[in-house]
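Good morning. Please have the structure open while I talk; I will go through a few parts of it in turn.

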Amino acid sequence: MSSYIPVIGLEIHSELLTKSKVFCTCSAEFGGDKNSRCCPVCSGMPGTLPIINQTAVEYAVKAGYALGCSINKFSVFDRKNYFYPDLPKAYQISQLNLPLCINGLVPIEYEEDGVKKSKNIRINRIHLEEDAGKLIHDDLNGVSLADYNRCGIPLIEIVTEPDIGSAEEARCFVEKIALLLQYVGVSDCKMEQGSIRCDVNISLMKPTDTEFGTRAEIKNLNSLKSIYRTIEFEIKRQSRLLDRGERVVQETRRYDDNKGETRTMRSKEDAHDYKYFPDPDILQVNFTDEDLARIKGSLPEMPYQRLERYISAGIQEKDAKIIVNSKRLSDLFDDTLKVYNNPKSVANFVIGELMRRINLGEIDLEKLNFTAEEFAKVIEMADTEKVSKGDAKEIFREMSEKGGSPEEIAKARGMLIVTDTGKVLEAIDEVIAANEKAVNQYVSGDVKVFGFLMGQCSKALRGSATPKVIKEELEKKLKSLVG
Amino acid sequence: MDVTSLTIKEQHKMLDSKEISAAELANSYLVRIAEKEPSVKSYIAVTPEAAAKTAEAAQKKIDAGESTPLCGIPLAIKDNICTDGIKTTCASRMLENFIPPYNATVMEKLNAENIVILGKTSMDEFAMGGSTQTSAFKKTRNPYNTERVPGGSSGGSAAAVSANLCTAAIGSDTGGSIRQPSSFCGVTGLKPTYGRVSRYGLVAFASSLDQIGPIAKCAEDCGTILNAIAGYDYHDGTVSKLPVDDYTAKIGMDMKGVKIALPAEFYAQGIDDDVKTAVLSAAQKYKDMGAEIIDCSMPSLKYAVAAYYLISSAEASSNLSRYDGIKYGHRSDVSGNYNDLIIASRSEGFGDEVKRRILLGNYALCSGYYDAYYGKAMALKQKIREEYTQIFEKCDLVLTPTAPTVAYGINENIDDPAKMYQADICTVTVNIASLPAISTTCGYNGDGMPIGMSLIGKMWDEATVIGAADAFEKTFTRTEPKI
């Protein structure tokens, strides 16, 4: 197989988190009974008209800023005409020539063959459009049913330049986009709910070629895994064709998740002519400088800003990156710091214990059984030696499994360290009485046995006193014996 | 005296003074409809129950002393305006059994004024045509001569007003569909400025040109109705937020010093001599009243019909795509897949003229043809607007014939669409330029057929258009049709 350079561009569709749909007032929430979230407008009744949701427009602009785009001050909505039963108006309101955002740049970091690499992916455009409904095929009764709940949910389509060179780059890029959209607060990017979907355009070229090869488009990929596997498969498929001197056909393909391969959906000849034209029902969007300044000013802290903040708080860059790369984790981290402002210690617990349990699948960040306050408390208790480090982990395990306040768990399970000097002295006396030989060794100058005696005391006290107190009292006692 | 021949103002006075009840007034019309409708064929549906119900509600208002100018006035509604619970067919097999689940904004506003609804009037199918002969249900006849067409597309509304089968009616105008039938039927019809009246609930033909307006016995009645239906509406993004005027404020206006433009191209070849003579003598009358008549030119008029048919058909092809037989409307019995079903449903549901426009529109929007057709039409739109702007820099009103001829025979022109389209020459520029215009009768030809003239105004200046029409009407004696 000759070596070819893959040339990959992505189109990412992401649902926006607006409360209502983009052209009517129906709820945009996920789910609901079939056809319970639609109205005459989004079900395409005769005579109805779309009214643009300004929040959706702002969210798209925010997404643009998050992805380093320029915002078009003047933007137009167009109709994309095609027939499909999940599209009640038989046209999708979208944007063709004047999208809301253009010319973005998204840096990615990835690893290839064990080498850390970074790259900038250019964004061609981001436009706002409406989602279509969903068809449910009932093979048993031989019918197809349409659910219009999803009709009119606002979507942004992010189109990249063909800057992506491998499956790994694509995977990292989509992850980065999802992260940026989550941070900017416009999309939750839940792949399993279809709130982010991806089309892959891919062609191959020889290193000596000056023009791109013929591309195939693979539609509607809804997981990072399927994006990765699609690209890997297409590189192999197209390479094989080219090796044999055959041509890649320009076509739209579909990915079969079960077989891990792509198949022809329709060829270029069957491609739709969408007959785009400006939608006369929707006024052009005109932003003033003030509008854009206001939206830009409302952007929340972005991942790179958090990373800087964490690093300057003394957290190691490696750990800070892990925290920042999950918005949920980073939010939990920040909420924890609000209660217990000890960044290094919290970071250690997050990286050491929380991440360990997440990776084991024991904790789901989407469904935590504890609050940030409780999380802060357990770390603080360990730091202030109210419980031992080991017990803190045990308390955290119980909190994360069943919930409950860390103090109460510690109390109920006898893990609270009580510094009762009388009790400590009592234990020391007992140990000294029982270990005459070792005590004599110490008195005669062999201080190495201190560790042994210390261990005996700790054992006797079973964690009810801190090592510091035990050490202090034991030293005092032994020194008095030396006289 | 027959109450059915009275104006809104006269009937309002009778209702208020309890000379007649709303129910009695409605009933007079229902009796006349029973007698005359078979020869006029203006209603697709007469709604006696709704009439009784709305008359009762109106009477309560009158009895409570809360009457408004339209309270208890019996109106007819063009059958492309959605009426909650009452069939809205657009005179098409496609929507033969369609009952809208909502009211058009215009209906909401009229209902708030307690109008009495008599029924839904016939029209050209989906408002495409100028004869009402493409109606799938009622091919309306001209009350002045039932062997002639009433014009169209609001032919049912105009004929019903003309034949005293309602006090006034609501129509819609995309390229002359209110004004031309008003002219043919010897009544007064107003197309408001685009964006003056909400289009929500008007089954779309060409969204950038469609506008709802009144057809009545006189200009003042048109003003009274416009007062009720004009204004901002949340549901239509293209409706203006400009404050609404009192559109009867200029009734009885002094024409002295009013500048009226006569663009030469509107009086050139292709306009019948009878028509030309009548309109020019009306101009003379205005001059006698003290108005200033100014000659001017509109060079792009010769391209206006082409531009209009490209724009309106392009938009229509998209607007009518939603009729696929899936959600509502005609569904074919043909079995097969989705494509088979929509092809059969649309082939059976649409008439020839609608199919012709859909094909024309699709052609104009096809990639490869877009620039040559749709693109050029949009450039012409700009040109026509500019030419009007120039004219209105020097004038207050433009006076033109409403149609090149009087009403023609039932079977004339139907086999020559190009010729029929050319007959829209006098009206289409008004829609293209978004202007308000009124048509009122200015004479009768040798056969006693009415001749209409149009007064075109500046954007949002309906009050002057209505006032000037009223000034002429006060000097003119209408001849009622004898049915």
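Axes here are lines fitted to C-alpha atoms, for helices over the stretch in contact, and angles run from 0 to 180 degrees between N-to-C directions. Helices (H or I, at least four residues) and strands (E, at least two) are DSSP runs, numbered from the N terminus. The model is predicted: local features need pLDDT of at least 70, side-chain atom pairs count only at pLDDT 80 or more, and totals for chains, interfaces and linings use all residues. Residues are numbered from 1 along each chain as its sequence is written, while chains are lettered from A and ligands numbered from 1 in the order in which they are written.

Take chain A. The axes of helix α7 (residues 327-339) and helix α9 (residues 372-383) of chain A come within 8 Å and cross at roughly 65°. Residues making this contact (C-beta atoms, placed from the backbone, within 7 Å) include A:Leu332 of α7(A) and A:Phe375 of α9(A).

Now the sheet in chain B. How many strands does this open sheet have? It has 11, with mixed pairing; two strands pair if DSSP finds at least two bridges between them. The edge strands, β1 (43-46) and β8 (292-296) of chain B, each pair on one side only. Further in, β5 (residues 188-191) and β6 (residues 211-216) of chain B are antiparallel over 2 bridges, and B:Thr188 stands opposite B:Ala216 in β6(B). Helix α15 (residues 462-473) of chain B lies across β5, β9, β10 and β11 of chain B, at about 10° to β10(B).

Last, the two chains: 35 residues of chain B are in contact with 26 residues of chain A.
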